[in-house]
Amino acid sequence: MNLNVLLYLEHDGARLQGEMARLVDKGNELARELGGFTVGALVGDIGEQLSGEVRGLKCKEIVAVSDPSLGEYQPELFRSALESILDEAAPHVVLFRHSYVGMELAPALAYRRKAPIISNCLDLAVTDSRIEAVRPYLREVCWGRVSPQGKPPYFFTLQRFPVRAEGPAGNGPPRVTEIRLKSPAVVRIRCRGIAHRVESEDISKAERIVAAGRGIGAQANLKIVQELAEALGATVACSRPIADLGWLPVERQVGISGKTVSPKVYVACGISGESQHVAGMKDSSLIIAINSDPRARIFRVAHYGVVTDLVSFLPVLTNAALQAKRSGQGVDSREA
Amino acid sequence: MRLAVCCKGIPDEPRNVSLSTDGTRLSFETGSFILNESDEYALDEAIKWKKKIAAEVTAFALGGLEAQEILYLALAKGADDAVRIDSMAGSPLEVAALLGKAVERKRADLVLVGVQSADHMASLVGGLLAESLGWPFVFAVTSLEIAVDRPTVIVQRELGEGRLQRLEVDLPSVLAVQTGICPLTYAPPARRLRARQRALEVLDPEQLGFSPELLERCRRERIEEIMPPVMARSATMLQGSPQEVAALLVDRIRAAT
């Protein structure tokens, strides 16, 4: 056992997913403080594009399992490949994104290694060579500082990767070690194909977004959200509950399970601000949150907040936007 | 075929949180406990299949009286029976270990859990439960097809960023169900009242083969301290008449684009 940090390099077959370079920065920060280095774990049918992208990462080493049978993500095969990588790299710490794939693979591996796992972490830090996580508890009423107990490797899934200090530039591309896939004895899951959601409109390209959340109360209130969007020349989007209820199509959904957007203006109407949603919109240039609950977590990411009843306030805002448009102040970005 | 559904009661509005000195338990006050949202979808999906293929549905919950209330709701929604595991265990591995033994006892063929509990948002119990049973596991399932005469199920699951995958999964297995997999059903008060007359099966950890020491070994984390959340950004809260606030927002929106 060494003091290295293993990072699962998540990809969609062609490109790395999520902010993988930042996860590597976070891994490097922890590895420096532990006295080890970072090792990237790469599993798939690795082609030119992906391996090129991976060579640009600031890991010291990559341990890769590349096999034609890994062309499509399959949980048992990927887990098995990661078990071989864990044997090879013998890391002290293992990091996954808190993504669907991370949430599927990380607990299975931790269980098999009889190792601690702390998930959905907001941050990780090393104090006196002990690693600790910060994660939310009780609907984010509080955060807790949590330490893994027992023997390493210590598994974590990270919701975000704040990096305190950038490390020195790497000395060239990572050294790559390839190991062979050991197929599991029994395969109980078979892939039947991957599909992408069919989209009529791509909300990720919109400059302005007005998004509706559960706080709009009734389906009939979607109308006032749509009227505001029209007055602002914005695209309508939503958080997960609205898509689950079938009030808006799922292609309008912003968040981990939907789209990642970063428009110039994001107006969140009745959105509570669960981390699943925030992950998909936090990089918007201007975030305005309108919510009747003063404790709504959306106010933690918004630039401007209004605590008010949506049903009475949104029409006032719509009117103000229409007035500005009429007076030629160019509120509608499509006219600008 | 027997379907098992793991249901968690979560605090509606937790407040005044404190941490036990051994770092294992959070105490808090709350208005009430409610059935965790994604677990409710798992439950309704199971009950939907009960009607289609004559399966039996058993609801499981862990905890004290609050868990009992959740199980009465499960019965009112149409579960055939309900099992309460009388334990205050809180760490995901402890919960998964206890649920695993209870599920084995009931000889379930398929276990449905929600993707996440809205209180601690760990998303770990399903995956750990599957490993403890040695069964396959799929996370973020958005549709499920069960056929009576088939030893497998077909699922559609999310991979994130709009990618969906279809998988055929051998039974027995554990699936973590996404919200929105089916419409939620409503249990009328009369049916909820009737459900309260039903007997629940109560199992304690010893009956499931767990001594306190053995359960303790399933706890691999310690909460060192709790703190108020640190805000990434603190929004400037706008006050004034609706017209004033609206005018200011329009001004900011214009400046930003």
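In chain B, which has 257 residues, buried residues make up 48% of the total, where a residue counts as buried if 20 or more other C-beta atoms, placed from the backbone, lie within 10 Å of its own, as exposed if 12 or fewer do, and as partly exposed in between. This is a predicted model, in which local features need pLDDT of at least 70 and side-chain atom pairs count only at pLDDT 80 or more, while totals for chains, interfaces and linings use all residues. Residues are numbered from 1 along each chain as its sequence is written, and chains are lettered from A and ligands numbered from 1 in the order in which they are written.

Chain B has seven helices and 15 strands, these being DSSP runs numbered from the N terminus, with at least four residues of H or I for a helix and at least two of E for a strand. The C-alpha trace of chain B spans about 65 × 45 × 40 Å along its principal axes. Of the contacts in chain B with a separation of 6 or more, 70% are between residues 24 or more positions apart, a contact meaning that the C-beta atoms of two residues, placed from the backbone, lie within 7 Å.

## Strand E6 of chain B and its neighbours

Strand E6 of chain B (residues 56-62) is largely enclosed by the rest of the structure, because six of its seven residues are buried. Five bridges join E6(B) to strand E1 (residues 2-6) of chain B, and the two run parallel; two strands pair if DSSP finds at least two bridges between them. In this pairing B:Arg2 stands opposite B:Glu56.

E6(B) is also joined by five bridges to strand E7 (residues 81-85) of chain B, again in parallel, with B:Leu62 opposite B:Ile85. Together with helix H2 (residues 65-77) of chain B, the strands E6(B) and E7(B) make a right-handed β-α-β unit, which is to say that, with the strands pointing away from the viewer, the path from the first strand over the helix to the second runs clockwise.

## Where chain A meets chain B

Contacts link 80 residues of chain A with 66 residues of chain B.

Strand E16 (residues 304-307) of chain A and strand E15 (residues 236-237) of chain B run parallel and are joined by two bridges, and A:Tyr304 stands opposite B:Thr236 in E15(B).
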